[in-house]
Structures are given as structure tokens and as C-alpha cells.
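Here are my notes on this model, point by point. Please read them with the structure open.

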Amino acid sequence: MWPNDVGIKAIEIYFPAQYVDQTELEVHDGVSPGKYTIGLGQSKMGFCNDREDINSLCLTVVHRLLDRYSIEPREIGRLEVGTETIIDKSKSVKSVLMQLFEPSGCTDIEGVDCTNACYGGTAALFNAVSWVESSAWDGRLALVVAADSAVYAPGNARPTGGAGAIAMIVGPDAPIIFDRGLRASCMQHAYDFYKPDLRSEYPYVDGKLSIQCYLNALDSCYQLYCQKVKRKRPDEIVTLDSFDAVLFHSPYCKLVQKSFARLAFVDFLNTSKQEVSEKYKELEKFHDAKLEDTYFDRDIEKAFVTLSKPNFAQKTQPSLFLANQVGNMYTPSVYSGLVSLLISKPISELSGSKVGVFSYGSGLCSSMYSLTITKDASDGSSLKKIISSLSYVKPQLEARKQVSPEDYTSTLELRQKNYHSAPYESQSSINHMFPGTYYLVQIDDKYRRTYQRIPNCQ
């Protein structure tokens, strides 16, 4: 017997307590006004100083989730981390997180780390769902963590950074349910974005190729998802109208709008010529286009961004709230979209809705799948509990400290300079960190890291 309604039962998000304003960054970088804010669709960018690393991000978000939902360590049977922020070539971040469970005598917890650019969190999530649905499941919950610090060398890519962490509890009888058997993936070899220099946090990025890979993977996943639904339910035809919300991995918000338009274009190509003549006469000239020839076709892009704009505003724009305010979190990115959706729409709209999800990681790995949000929106429901538990998100965004572009730049220079230093004592202040945040105290001469936690006043 399959466990019933396997999915997300709890979710927590963490982002650093400081940010740089993208308008100020435009001035500092000497670019034209609106290049980052309008051209990329970004407002603010969160970042880590030298007090935070991948271990502290994950420690913070996991501890906060366990506290907020009153989950005991003994209730967790699998713990898996998705990240591309690597600080050790051997020791997993999951093993660091075990210090939250060992004091309770809980060491029988499966799972390690998943790594492939921004896709690792989705791989960890799929593994968690598979574990709950497997013969190995012992009735306990799975805990999935996705976290990264996204930073770039000075240049065009730097304003597309960000940082954050997501933790999710996976189990049966969930209010956010994975649609079983409806999953499509595209996995290929590409050097669109990669990190071969282990001495640096900065990636190598081929911007144009990265966009092409993203859109190609989106095309492939969407069409295959539609085919799989058709095989399971022959009378059902999937289009954007099949979803109440569509979430995307968000390197920057403007690419997400173009991606939504891309799906509208795929739907258009699947429309009969007669229907195109009747409904989309002005777009008829595009009907014989081949997808692989249109990645950088400005006319098609503009036409379908315009056509899909009302649907985008309804189905996807609400999910970009955190991406706009924090930036690209890498592995947590698409799941920050889920959090944004949950805190941006009334529960009456969320209840019973179908959510499409596209996850992408360069190199490349990608998947599209769907979630169904439970119809139960009563006062004691699990859905209402998740939404009410996220009430801290907007106040914490407002409570962040704004940092000047000069200080942001010097902070990144400090991180880069000391990326592999040992021994090392962190220099940044802890005064503005949120309650309950873990921070790096020091790295000793054997590269062992020590952390402490800001007292939790909540």
C-alpha cells in the first residue's frame, strides 16, 4: 500500500539579515538606470558576510523548523541536503547537522548531500518522497534542506546573486501533495555554469549558453510532462490553463517571465492551424517556428510575453516575491517561490489548487512536476498551520539591514580572500543577526569549524 498524500508537511525559510539595494548597485557599478531593477527584475539582494557559511545556513533553518513546528529529533528518519556551496570535499553538510540530533540519541537517520548546481534541493526532495514511498520507510518523517550562498566575481552576473536556506518536512497526509507518477526530467552535459576552481566561491558562467540551456530544458520537461499526463489520462490535454500556479527556478525574475511566455509559446505551437487562425490571427506567422531556433528570437519573445502577461500576473508573479527581495538562492530558489506563493495569496485561492514546478540546475539537470494543495482550509488544518507559521517572513525582510554597495563589495572581497584560510577568526559583527541564527566563530589550524547561535528571543 502507498502511504496517502505524500508531500510537504512543514516548511521554513531563512535569509541573511543584510542586503544591498539593486538601484544603489546600478549607480555603484556605473550601469544604466534600470539595468538590474527593470532588466533583471530584481530589487534587493541578500548576501552572507564572513559569519555565515553553508553549515551555519543549514543549522539555522533546521533548528528553526524543528522549534517552530515542535518536531522532536526522534521523529526524523531521513535528512538530506541539497547544495552547491561546497566547503569540504569529503564531509557532508548533513553530517554537520547531526549535532542537532545526537544530544537526543538520534543517529539512525539516513541521507547525505546532493550536488548539481541549483538542482540539488530537488534531487534531495525526490529522494525523500521516494524513501517515504519505499519498503525502507519506517513511519518517520523526512527532512529536506536546500541552501546556498550565491556570489559572483565583479561583472554582469554579480547582481544575480543571493543567499538563503529552505527546510521542508516530507511525509504522508500532507497538505501540499506530490502528484504521483507525473514527473519529467531533462539531463544533459553542458558547461553553461560550473565551479572548477575549488579555491574560489565564484563560478564560470557562459551567460548566453546558460539561458539557452535553461529554455531548452524547460521545453523538454514541459512537453514530456504533457505526454506523461496524456498516457495516464488520455482525455486530458495539459496547457498552462491546467495549473493554478506555476513556479520556476529563478536566476533573476525577468527570466522567469520569459520562461512563462515560453510555455505559452509551446502551447501555441500545439494548437491547430484552424484555431490559431481563429484566436491568434496576429501570431499566425509564428506557428511553423521550431523551438530550437527561437531561444533568442526577440519578436517571438515579445509577442508571447505580451500574450501571457495576464496569466503570468495571476499564476507566477506572486511566487517571485522572495526572489525579487533576496535574489537567487540557488538550490532553495524554486522553493522560495512556493513560500512566496503561500504568503501572497489568500488561503481560499490556494485551497485545492494545482501547482506546476520547474527546477533547473546548470550542467545540466532539470525536472518538471506538479503539486496539489489540499482543499482543507479549516482553522485546524495543516495547510492553515503552514501558512500561519510563515507569518515571520515579511517582518524579517523588513527588519534586514541595508548595506552600501561599497560595504557589500568589501565583504565579498573579505570572503574571497579568506575562502580557504586556516586558522581564521570571523570579523563581521553579529549585532544585526536574527534571533536563532547560527554563526561561524572560527576555523582552527586543522580546518575544523566552530559555531554559536544567537539567543532565540521568539
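1. Terms for exposure come first. Buried means under 20% relative accessible area, exposed means over 50%, and partly exposed lies in between (1.4 Å probe, protein chains only). By that scale Lys 254 is partly exposed, because its relative accessible area is 26%.

2. Ground rules. This is a predicted model, in which local features need pLDDT of at least 70, side-chain atom pairs count only at pLDDT 80 or more, and totals for chains, interfaces and linings use all residues. Residues are numbered from 1 along each chain as its sequence is written, and side-chain values use heavy atoms, with hydrogens and water left out.

3. The annotated site. An unreviewed UniProt entry places the feature "binding site" at Asn 156, Ser 210, Lys 254 and Lys 258. Of these residues, Lys 258 is included in the lining of the second largest cavity. UniProt positions follow the numbering used here, feature names are shortened, and annotations may be inferred rather than shown by experiment.

4. Lys 254. This residue is found in helix H6 (residues 253-269). Helices (H or I, at least four residues) and strands (E, at least two) are DSSP runs, numbered from the N terminus. Which residues does Lys 254 touch, not counting those up to four places away in sequence? They are Ile 38, Gly 39, Leu 40 and Gly 41. Contact here means heavy atoms within 4.5 Å.

5. Lys 258. Helix H6 also holds Lys 258. Lys 258 counts as partly exposed, because its relative accessible area is 31%. Its contacts, leaving aside neighbours within four places in sequence, are Glu 301 and Val 305. Glu 301 is also among the residues that line the second largest cavity.

6. Cavities overall. On a 1 Å grid over the protein atoms alone, a cavity is a set of points where a 1.4 Å probe fits but cannot get out; lining residues have an atom within 4 Å of a point. Grid points are joined across faces, edges and corners, and a volume is the space filled by probe spheres set on the points. A search of the whole structure finds 4 cavities of 30 Å³ or more.

7. The largest cavity. Its volume is about 200 Å³. It is lined by 14 residues, and the closest to its centre are Asp 53, Arg 415, Asn 418, Tyr 419 and Arg 449. H14 and S16 each supply at least two lining residues. By class, the lining has 6 nonpolar, 2 polar and 6 charged residues. Ala, Val, Leu, Ile, Met, Phe, Trp, Tyr, Cys and Pro count as nonpolar, Asp, Glu, Lys and Arg as charged, and the others, Gly among them, as polar.

8. The second largest cavity. This one has a volume of about 110 Å³. Its lining includes Lys 258, Ala 261, Arg 262 and Phe 265, along with Thr 294, Tyr 295 and Asp 297. Which element gives the largest share of that lining? Helix H6 does, with 4 residues. H6 and H8 each supply at least two. The classes here are 6 nonpolar, 1 polar and 4 charged.

9. Cis peptide bonds. Most residues other than glycine have a negative phi, and most peptide bonds are trans. Two bonds deserve a look. The bond from Gly 363 to Leu 364 is cis, with omega near 0°. Leu 364 sits in the loop between strand S12 (354-361) and strand S13 (365-373). Ala 422 and Pro 423 are also joined by a cis bond, with omega about 0°. Pro 423 is in the loop between helix H14 (405-417) and strand S15 (424-425).

10. Positive phi. Asp 5 is not a glycine, yet its phi is near 50°. It is found in the segment before strand S1 (7-14). Tyr 447 has a positive phi of about 65°, and its place is the loop between strand S16 (438-443) and strand S17 (449-453). Is Tyr 447 buried or exposed? It counts as exposed, because its relative accessibility is 52%. Asp 5, at 38%, counts as partly exposed.

11. Ser 319. This residue lies in the loop between helix H8 (298-315) and helix H9 (321-326). Ser 319 is buried, because its relative accessible area is 4%. Beyond four places in sequence, Ser 319 touches Val 246, Leu 247, Ser 336, Gly 337, Ser 340 and Leu 341.

Technical notes:
On a 1 Å grid over the protein atoms alone, a cavity is a set of points where a 1.4 Å probe fits but cannot get out, and a pocket is an open set with protein on both sides within 12 Å along at least five of seven lines; lining residues have an atom within 4 Å of a point.
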